[in-house]
Amino acid sequence: MFLTKPLRHLLQSTTVVAVLAACVGATILYAGVNESGGEFGVFGTPGTGLPGEFGVTYDFITESTVDTFVDTNQINFFRVTFLMERMCPLATGLGSTFNETYFSEYEDAINYITVTKGAYALIDPHNYMRYNDPSSQPNSGSIIGDTTDPNAATTEQFQEFWTELANRFVDNPKVVFGINNEPHDMATSLILQNDQAAINGIRSTGATQLILAPGNGFTGGHSWTQVTGANDDPSSEWLNQIVDPLNNTAIDIHEYLDEDFSGSHDTCTQPGPANLAALTTWLQENNLKAIVSEFGGSNDPTCLELVPDLINYLSENDVYIGWSAWAAGPFWGTSSPCCGPEVGSLEPGQLDEAGGPNGYTTVWQAVIQPNINLSDLKRDGTSSLS
(Lines give C-alpha, C1' and ligand atoms only; values in the text may rest on other atoms or scores of the structure.)
Protein backbone atom coordinates (compact mmCIF):
# COMPACT_ATOMS: atom_id res chain seq x y z
CA MET A 1 0.00 0.00 0.00
CA PHE A 2 1.16 3.57 -0.73
CA LEU A 3 1.53 5.54 2.50
CA THR A 4 1.37 9.31 2.52
CA LYS A 5 4.30 11.12 4.16
CA PRO A 6 2.54 11.94 7.48
CA LEU A 7 1.69 8.27 7.93
CA ARG A 8 5.28 7.14 7.58
CA HIS A 9 6.20 8.84 10.83
CA LEU A 10 3.68 6.66 12.63
CA LEU A 11 5.01 3.35 11.44
CA GLN A 12 7.26 2.50 14.36
CA SER A 13 4.24 2.03 16.54
CA THR A 14 1.04 2.48 14.55
CA THR A 15 -0.75 3.37 11.26
CA VAL A 16 -3.81 3.94 9.07
CA VAL A 17 -7.28 2.32 8.56
CA ALA A 18 -9.00 -0.56 6.93
CA VAL A 19 -12.53 -1.52 6.36
CA LEU A 20 -14.52 -4.07 4.49
CA ALA A 21 -17.73 -5.72 3.82
CA ALA A 22 -17.91 -9.10 2.37
CA CYS A 23 -19.82 -11.95 1.09
CA VAL A 24 -17.75 -14.89 0.02
CA GLY A 25 -19.27 -16.73 -2.90
CA ALA A 26 -18.53 -20.03 -4.53
CA THR A 27 -15.46 -18.73 -6.34
CA ILE A 28 -13.73 -17.29 -3.28
CA LEU A 29 -11.37 -19.87 -1.80
CA TYR A 30 -9.23 -17.57 0.37
CA ALA A 31 -10.62 -14.74 2.52
CA GLY A 32 -8.80 -12.84 5.22
CA VAL A 33 -6.65 -9.91 6.28
CA ASN A 34 -3.19 -8.42 5.94
CA GLU A 35 -0.89 -8.64 8.95
CA SER A 36 1.35 -5.59 8.58
CA GLY A 37 4.27 -4.84 10.89
CA GLY A 38 7.37 -6.68 9.72
CA GLU A 39 8.26 -3.70 7.50
CA PHE A 40 7.88 -1.04 10.22
CA GLY A 41 10.48 1.23 11.78
CA VAL A 42 12.74 2.04 8.82
CA PHE A 43 11.55 5.45 7.60
CA GLY A 44 13.82 8.47 7.71
CA THR A 45 17.58 8.46 7.22
CA PRO A 46 18.76 5.54 5.06
CA GLY A 47 19.73 2.68 7.34
CA THR A 48 17.28 3.64 10.09
CA GLY A 49 15.85 0.63 11.87
CA LEU A 50 18.06 -1.97 10.19
CA PRO A 51 18.10 -4.68 11.27
CA GLY A 52 15.70 -3.42 13.96
CA GLU A 53 14.49 -5.00 17.17
CA PHE A 54 11.72 -7.57 17.26
CA GLY A 55 8.76 -6.35 19.31
CA VAL A 56 10.13 -2.80 19.37
CA THR A 57 10.64 -1.55 15.83
CA TYR A 58 8.83 -4.37 14.03
CA ASP A 59 6.58 -7.34 14.66
CA PHE A 60 4.59 -9.75 12.51
CA ILE A 61 1.45 -10.97 14.27
CA THR A 62 -0.24 -11.10 17.63
CA GLU A 63 -1.18 -14.71 18.23
CA SER A 64 -4.38 -13.81 20.06
CA THR A 65 -5.42 -11.74 17.03
CA VAL A 66 -4.92 -14.71 14.74
CA ASP A 67 -6.91 -16.81 17.23
CA THR A 68 -9.81 -14.35 17.04
CA PHE A 69 -9.82 -14.19 13.26
CA VAL A 70 -9.66 -17.97 12.84
CA ASP A 71 -11.77 -19.14 15.78
CA THR A 72 -14.41 -16.41 15.90
CA ASN A 73 -14.49 -15.02 12.37
CA GLN A 74 -13.37 -18.30 10.79
CA ILE A 75 -11.36 -16.73 7.99
CA ASN A 76 -8.61 -18.78 6.37
CA PHE A 77 -6.05 -16.37 4.88
CA PHE A 78 -3.38 -14.00 6.25
CA ARG A 79 -0.97 -11.90 4.17
CA VAL A 80 2.11 -11.42 6.36
CA THR A 81 4.54 -8.64 5.46
CA PHE A 82 8.32 -8.56 5.86
CA LEU A 83 11.19 -6.39 4.64
CA MET A 84 13.80 -7.81 2.27
CA GLU A 85 16.54 -5.58 3.72
CA ARG A 86 15.97 -7.30 7.06
CA MET A 87 15.73 -10.78 5.59
CA CYS A 88 18.79 -10.24 3.39
CA PRO A 89 21.17 -7.79 5.14
CA LEU A 90 22.71 -5.02 3.07
CA ALA A 91 26.18 -6.28 3.96
CA THR A 92 25.64 -9.47 2.00
CA GLY A 93 23.01 -8.22 -0.43
CA LEU A 94 19.91 -9.79 -1.91
CA GLY A 95 20.29 -13.53 -2.30
CA SER A 96 20.47 -16.69 -0.24
CA THR A 97 22.23 -15.32 2.84
CA PHE A 98 19.54 -14.57 5.40
CA ASN A 99 19.46 -12.86 8.77
CA GLU A 100 18.59 -16.09 10.56
CA THR A 101 17.17 -14.30 13.59
CA TYR A 102 14.73 -12.30 11.46
CA PHE A 103 13.83 -15.37 9.42
CA SER A 104 13.17 -17.39 12.56
CA GLU A 105 10.86 -14.71 13.92
CA TYR A 106 9.00 -14.61 10.61
CA GLU A 107 8.86 -18.38 10.37
CA ASP A 108 7.34 -18.54 13.86
CA ALA A 109 4.52 -16.25 12.70
CA ILE A 110 3.91 -18.25 9.53
CA ASN A 111 3.93 -21.54 11.44
CA TYR A 112 1.48 -20.21 14.02
CA ILE A 113 -0.96 -19.28 11.26
CA THR A 114 -0.54 -22.41 9.16
CA VAL A 115 0.41 -25.19 11.57
CA THR A 116 -1.14 -24.14 14.86
CA LYS A 117 -4.30 -22.53 13.44
CA GLY A 118 -4.62 -24.38 10.14
CA ALA A 119 -5.06 -21.23 8.01
CA TYR A 120 -3.16 -20.11 4.90
CA ALA A 121 -0.30 -17.59 4.95
CA LEU A 122 0.67 -15.41 2.01
CA ILE A 123 4.39 -14.58 2.12
CA ASP A 124 4.79 -10.85 1.31
CA PRO A 125 8.16 -9.17 0.69
CA HIS A 126 6.85 -5.62 1.11
CA ASN A 127 9.40 -3.89 -1.11
CA TYR A 128 7.79 -2.42 -4.25
CA MET A 129 10.27 -4.52 -6.28
CA ARG A 130 13.12 -2.42 -4.89
CA TYR A 131 16.03 -3.29 -2.60
CA ASN A 132 18.79 -1.55 -0.60
CA ASP A 133 17.01 1.53 0.85
CA PRO A 134 13.51 1.26 2.36
CA SER A 135 13.82 4.63 4.13
CA SER A 136 11.22 6.35 1.99
CA GLN A 137 9.04 3.63 0.54
CA PRO A 138 7.51 3.30 -1.96
CA ASN A 139 10.01 5.42 -3.85
CA SER A 140 13.39 4.71 -2.26
CA GLY A 141 15.66 1.84 -3.15
CA SER A 142 17.07 0.55 -6.42
CA ILE A 143 14.74 -1.23 -8.83
CA ILE A 144 15.59 -4.92 -8.89
CA GLY A 145 17.06 -5.89 -12.24
CA ASP A 146 17.76 -2.31 -13.38
CA THR A 147 21.00 -2.75 -15.31
CA THR A 148 21.50 1.03 -15.54
CA ASP A 149 21.80 1.29 -11.75
CA PRO A 150 25.12 -0.05 -10.41
CA ASN A 151 23.60 -0.32 -6.93
CA ALA A 152 20.64 -2.42 -7.99
CA ALA A 153 20.23 -6.07 -7.10
CA THR A 154 20.08 -8.23 -10.21
CA THR A 155 17.23 -10.38 -11.42
CA GLU A 156 19.52 -13.38 -10.83
CA GLN A 157 19.92 -12.35 -7.18
CA PHE A 158 16.14 -12.04 -6.89
CA GLN A 159 15.77 -15.58 -8.19
CA GLU A 160 18.41 -16.76 -5.72
CA PHE A 161 16.48 -15.07 -2.90
CA TRP A 162 13.22 -16.74 -3.88
CA THR A 163 14.89 -20.12 -4.33
CA GLU A 164 16.20 -19.96 -0.77
CA LEU A 165 12.93 -18.69 0.72
CA ALA A 166 10.76 -21.22 -1.10
CA ASN A 167 13.07 -24.05 -0.10
CA ARG A 168 12.50 -23.16 3.55
CA PHE A 169 8.72 -23.46 3.14
CA VAL A 170 8.63 -26.19 0.51
CA ASP A 171 6.98 -28.69 2.86
CA ASN A 172 4.27 -26.36 4.14
CA PRO A 173 1.23 -26.75 1.85
CA LYS A 174 -0.59 -23.82 3.45
CA VAL A 175 1.98 -21.24 2.37
CA VAL A 176 1.27 -19.03 -0.67
CA PHE A 177 4.20 -17.16 -2.26
CA GLY A 178 3.65 -13.47 -3.11
CA ILE A 179 6.50 -12.36 -5.36
CA ASN A 180 6.64 -8.71 -4.26
CA ASN A 181 4.45 -5.87 -3.05
CA GLU A 182 3.31 -3.21 -5.53
CA PRO A 183 5.93 -2.74 -8.25
CA HIS A 184 5.60 0.68 -9.88
CA ASP A 185 7.31 3.19 -12.16
CA MET A 186 9.52 0.67 -13.90
CA ALA A 187 9.51 -1.16 -17.20
CA THR A 188 6.65 -3.65 -17.23
CA SER A 189 8.88 -6.01 -19.21
CA LEU A 190 11.26 -5.99 -16.24
CA ILE A 191 8.43 -6.87 -13.86
CA LEU A 192 7.67 -9.88 -16.06
CA GLN A 193 11.37 -10.80 -16.04
CA ASN A 194 11.56 -10.59 -12.24
CA ASP A 195 8.25 -12.41 -11.76
CA GLN A 196 9.42 -15.20 -14.04
CA ALA A 197 12.75 -15.46 -12.22
CA ALA A 198 10.92 -15.81 -8.91
CA ILE A 199 8.63 -18.49 -10.32
CA ASN A 200 11.60 -20.37 -11.75
CA GLY A 201 13.39 -20.22 -8.41
CA ILE A 202 10.36 -21.35 -6.43
CA ARG A 203 9.59 -24.27 -8.73
CA SER A 204 13.26 -25.37 -8.80
CA THR A 205 12.92 -26.35 -5.13
CA GLY A 206 10.04 -28.70 -5.80
CA ALA A 207 7.57 -26.30 -4.20
CA THR A 208 4.09 -26.77 -5.66
CA GLN A 209 2.19 -24.09 -3.76
CA LEU A 210 0.23 -21.19 -5.26
CA ILE A 211 2.27 -18.17 -6.41
CA LEU A 212 0.92 -14.61 -6.79
CA ALA A 213 2.52 -12.44 -9.48
CA PRO A 214 2.15 -8.63 -9.37
CA GLY A 215 2.00 -6.17 -12.24
CA ASN A 216 2.90 -2.51 -12.68
CA GLY A 217 1.23 0.65 -11.34
CA PHE A 218 1.18 -0.64 -7.74
CA THR A 219 -0.47 -3.74 -9.27
CA GLY A 220 -3.76 -1.84 -9.42
CA GLY A 221 -6.68 -3.69 -10.94
CA HIS A 222 -8.26 -0.52 -12.27
CA SER A 223 -5.14 0.33 -14.31
CA TRP A 224 -4.24 -3.20 -15.45
CA THR A 225 -4.87 -2.43 -19.10
CA GLN A 226 -3.62 1.17 -18.92
CA VAL A 227 -0.27 2.92 -19.28
CA THR A 228 1.13 3.71 -15.81
CA GLY A 229 4.10 5.56 -14.34
CA ALA A 230 6.45 7.14 -16.85
CA ASN A 231 4.63 5.75 -19.89
CA ASP A 232 5.19 2.19 -18.71
CA ASP A 233 3.37 -0.47 -20.73
CA PRO A 234 0.11 -1.79 -19.31
CA SER A 235 0.47 -4.90 -17.18
CA SER A 236 -1.93 -6.63 -19.56
CA GLU A 237 0.64 -6.48 -22.37
CA TRP A 238 3.24 -8.53 -20.47
CA LEU A 239 1.84 -10.51 -17.53
CA ASN A 240 0.03 -13.05 -19.73
CA GLN A 241 3.49 -14.27 -20.77
CA ILE A 242 4.24 -15.79 -17.37
CA VAL A 243 5.12 -19.47 -17.54
CA ASP A 244 4.55 -21.75 -14.57
CA PRO A 245 5.14 -25.46 -15.27
CA LEU A 246 2.50 -26.30 -12.66
CA ASN A 247 -0.05 -23.69 -13.85
CA ASN A 248 -0.45 -22.63 -10.23
CA THR A 249 0.28 -18.91 -10.49
CA ALA A 250 -2.43 -16.28 -10.06
CA ILE A 251 -2.31 -12.51 -10.54
CA ASP A 252 -1.83 -10.33 -7.45
CA ILE A 253 -4.18 -7.32 -7.50
CA HIS A 254 -4.66 -4.31 -5.20
CA GLU A 255 -7.76 -2.15 -5.41
CA TYR A 256 -8.76 0.79 -3.23
CA LEU A 257 -11.95 2.72 -3.77
CA ASP A 258 -11.03 6.31 -2.92
CA GLU A 259 -10.47 9.12 -5.41
CA ASP A 260 -6.86 8.28 -6.35
CA PHE A 261 -6.88 4.55 -5.51
CA SER A 262 -4.34 5.14 -2.71
CA GLY A 263 -6.43 4.07 0.28
CA SER A 264 -5.65 7.32 2.07
CA HIS A 265 -9.07 9.02 1.96
CA ASP A 266 -12.14 8.29 4.04
CA THR A 267 -14.65 8.65 1.19
CA CYS A 268 -15.13 5.94 -1.42
CA THR A 269 -15.81 7.27 -4.91
CA GLN A 270 -14.45 4.53 -7.20
CA PRO A 271 -16.85 1.69 -8.10
CA GLY A 272 -14.97 -1.59 -7.95
CA PRO A 273 -17.04 -3.53 -10.51
CA ALA A 274 -16.68 -0.89 -13.23
CA ASN A 275 -12.99 -0.33 -12.54
CA LEU A 276 -12.17 -4.05 -12.57
CA ALA A 277 -14.18 -4.86 -15.69
CA ALA A 278 -11.24 -4.64 -18.11
CA LEU A 279 -9.05 -6.77 -15.81
CA THR A 280 -11.82 -9.35 -15.53
CA THR A 281 -12.07 -9.64 -19.30
CA TRP A 282 -8.28 -9.96 -19.57
CA LEU A 283 -8.22 -12.73 -16.96
CA GLN A 284 -10.99 -14.58 -18.78
CA GLU A 285 -9.27 -14.22 -22.16
CA ASN A 286 -5.98 -15.51 -20.77
CA ASN A 287 -7.44 -18.26 -18.58
CA LEU A 288 -5.93 -16.74 -15.45
CA LYS A 289 -7.09 -16.26 -11.86
CA ALA A 290 -6.48 -13.38 -9.44
CA ILE A 291 -6.50 -12.59 -5.73
CA VAL A 292 -7.18 -9.05 -4.51
CA SER A 293 -4.59 -9.10 -1.74
CA GLU A 294 -5.19 -5.48 -0.65
CA PHE A 295 -8.36 -3.43 -0.47
CA GLY A 296 -10.08 -1.33 2.14
CA GLY A 297 -12.46 1.45 3.02
CA SER A 298 -13.54 3.58 5.94
CA ASN A 299 -16.75 3.61 7.97
CA ASP A 300 -18.07 6.37 5.71
CA PRO A 301 -21.49 5.49 4.21
CA THR A 302 -19.97 5.64 0.74
CA CYS A 303 -17.54 2.86 1.65
CA LEU A 304 -20.16 0.80 3.42
CA GLU A 305 -21.93 0.72 0.07
CA LEU A 306 -19.01 0.38 -2.35
CA VAL A 307 -16.86 -2.11 -0.44
CA PRO A 308 -19.63 -4.76 -0.34
CA ASP A 309 -20.21 -4.10 -4.05
CA LEU A 310 -16.53 -4.90 -4.68
CA ILE A 311 -16.60 -8.11 -2.65
CA ASN A 312 -19.84 -9.24 -4.26
CA TYR A 313 -18.33 -8.61 -7.68
CA LEU A 314 -15.31 -10.76 -6.85
CA SER A 315 -17.62 -13.52 -5.64
CA GLU A 316 -19.72 -13.39 -8.79
CA ASN A 317 -16.78 -13.69 -11.21
CA ASP A 318 -14.94 -16.98 -11.09
CA VAL A 319 -11.61 -15.51 -12.18
CA TYR A 320 -11.22 -14.18 -8.63
CA ILE A 321 -10.34 -16.75 -5.99
CA GLY A 322 -9.62 -14.66 -2.90
CA TRP A 323 -9.10 -11.39 -1.07
CA SER A 324 -7.38 -9.97 1.99
CA ALA A 325 -8.26 -6.65 3.61
CA TRP A 326 -5.74 -4.01 4.63
CA ALA A 327 -4.87 -4.24 7.52
CA ALA A 328 -4.36 -5.66 10.97
CA GLY A 329 -1.05 -5.85 12.79
CA PRO A 330 0.46 -5.50 16.27
CA PHE A 331 1.79 -1.94 15.91
CA TRP A 332 -1.04 -0.02 14.27
CA GLY A 333 -2.38 1.20 17.60
CA THR A 334 -4.87 4.04 17.12
CA SER A 335 -3.69 4.86 13.61
CA SER A 336 -5.35 3.76 10.41
CA PRO A 337 -3.89 1.44 7.77
CA CYS A 338 -6.04 3.02 5.09
CA CYS A 339 -8.87 5.31 4.26
CA GLY A 340 -8.69 8.33 6.55
CA PRO A 341 -7.33 9.19 10.00
CA GLU A 342 -10.27 8.34 12.24
CA VAL A 343 -10.84 4.62 11.71
CA GLY A 344 -8.64 2.20 13.64
CA SER A 345 -7.02 -0.86 12.17
CA LEU A 346 -8.57 -4.30 11.83
CA GLU A 347 -6.60 -5.44 14.87
CA PRO A 348 -9.22 -6.73 17.33
CA GLY A 349 -9.62 -4.68 20.49
CA GLN A 350 -7.89 -1.53 19.29
CA LEU A 351 -9.60 1.86 19.33
CA ASP A 352 -9.50 4.75 16.92
CA GLU A 353 -7.90 8.11 17.74
CA ALA A 354 -11.14 9.39 19.26
CA GLY A 355 -11.33 6.40 21.60
CA GLY A 356 -14.24 4.84 19.75
CA PRO A 357 -14.60 1.39 18.20
CA ASN A 358 -12.31 0.72 15.29
CA GLY A 359 -12.93 -0.54 11.76
CA TYR A 360 -12.78 -4.13 12.93
CA THR A 361 -15.74 -3.65 15.25
CA THR A 362 -17.94 -1.48 13.08
CA VAL A 363 -17.25 -3.02 9.71
CA TRP A 364 -15.93 -6.54 10.09
CA GLN A 365 -18.40 -7.67 12.75
CA ALA A 366 -21.35 -5.65 11.49
CA VAL A 367 -21.04 -6.23 7.77
CA ILE A 368 -18.51 -8.86 6.78
CA GLN A 369 -18.74 -11.64 9.29
CA PRO A 370 -22.51 -12.24 8.98
CA ASN A 371 -22.12 -12.65 5.21
CA ILE A 372 -19.12 -14.97 4.93
CA ASN A 373 -20.07 -18.33 3.46
CA LEU A 374 -17.53 -20.30 5.47
CA SER A 375 -18.18 -23.58 3.72
CA ASP A 376 -16.65 -22.27 0.49
CA LEU A 377 -13.25 -21.38 1.95
CA LYS A 378 -10.36 -23.78 1.40
CA ARG A 379 -9.43 -25.74 4.48
CA ASP A 380 -7.99 -28.87 2.91
CA GLY A 381 -4.32 -28.18 3.46
CA THR A 382 -3.47 -27.23 -0.13
CA SER A 383 -2.77 -23.82 -1.65
CA SER A 384 -3.45 -24.36 -5.32
CA LEU A 385 -5.80 -23.42 -8.12
CA SER A 386 -6.98 -27.01 -8.48
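**Packing, barrel and backbone**

Reply: Start with α7. This helix lies across β8, β9 (290–294) and β10 (320–328), and runs at about 140° to β10. Keep in mind that the model is predicted.

Me: Noted. Back to the strands. What runs through β8 and its neighbours, and with which pairing?

Reply: A closed barrel of eight strands. The order is β1-β2-β3-β6-β7-β8-β9-β10, and the pairing is parallel. From one strand to the next, the twist averages 25°.

Me: Take β7 and β8. How many bridges join them?

Reply: Four. β7 covers residues 211–214, β8 covers residues 249–254, and the two run parallel.

Me: Which residue in β8 is the bridge partner of A213?

Reply: I251.

Me: Now helices. How is a packed pair described, in general?

Reply: By the angle between the two axes and the distance between them.

Me: Then what are those values for α7 and α8?

Reply: The axes come within 9 Å and cross at roughly 30°. Here α7 is residues 272–285 and α8 is residues 301–316.

Me: Parallel or antiparallel, roughly?

Reply: Roughly parallel. Angles under 35 degrees count as that, and therefore α7 and α8 qualify.

Me: Is that crossing left-handed or right-handed?

Reply: Right-handed, for α7 and α8.

Me: Which residues meet there?

Reply: From α7, G272, P273, L276, A277 and T280. They meet D309, L310, Y313 and L314 in α8. By class, this contact of α7 with α8 has six nonpolar, two polar and one charged residues.

Me: Next pair, α5 and α6. At what angle do they pack, and how far apart are the axes?

Reply: The angle is about 35°, with the axes 7 Å apart. α5 spans residues 155–168 and α6 spans residues 188–204. α5 passes α6 in a right-handed crossing.

Me: Who's in contact?

Reply: On the α5 side, T155, F158, Q159, W162, T163 and A166. On the α6 side, L190, Q193, N194, A197, A198, N200, G201, I202 and S204. The contact of α5 with α6 has seven nonpolar, eight polar and no charged residues.

Me: Last topic, the backbone. Which peptide bond into P51 is cis, and what's its omega?

Reply: The one from L50 to P51, with omega near 0°. P51 sits in the loop between β1 (30–35) and α2 (63–72).

Me: What about the bond from Q137 to P138, cis or trans?

Reply: Cis, with omega near 15°. P138 is in the loop between β4 (130–131) and β5 (142–143).

Me: And what is the phi of E182?

Reply: Positive, about 50°, although E182 is not a glycine. E182 is in the loop between β6 (175–178) and α6.

Me: Thanks, that covers my list.

Key: Residues are numbered from 1 along each chain as its sequence is written. This is a predicted model: local features need pLDDT of at least 70, side-chain atom pairs count only at pLDDT 80 or more; totals for chains, interfaces and linings use all residues. Side-chain values use heavy atoms; hydrogens and water are left out. Axes are lines fitted to C-alpha atoms, for helices over the stretch in contact, and angles run from 0 to 180 degrees between N-to-C directions. Angles under 35 degrees count as roughly parallel, over 145 as roughly antiparallel, 65 to 115 as roughly perpendicular and the rest as oblique. A crossing is left-handed if the near helix is turned anticlockwise from the far one by less than a right angle, and right-handed if clockwise. Contact means heavy atoms within 4.5 Å. Ala, Val, Leu, Ile, Met, Phe, Trp, Tyr, Cys and Pro count as nonpolar, Asp, Glu, Lys and Arg as charged, and the others, Gly among them, as polar. Two strands pair if DSSP finds at least two bridges between them.
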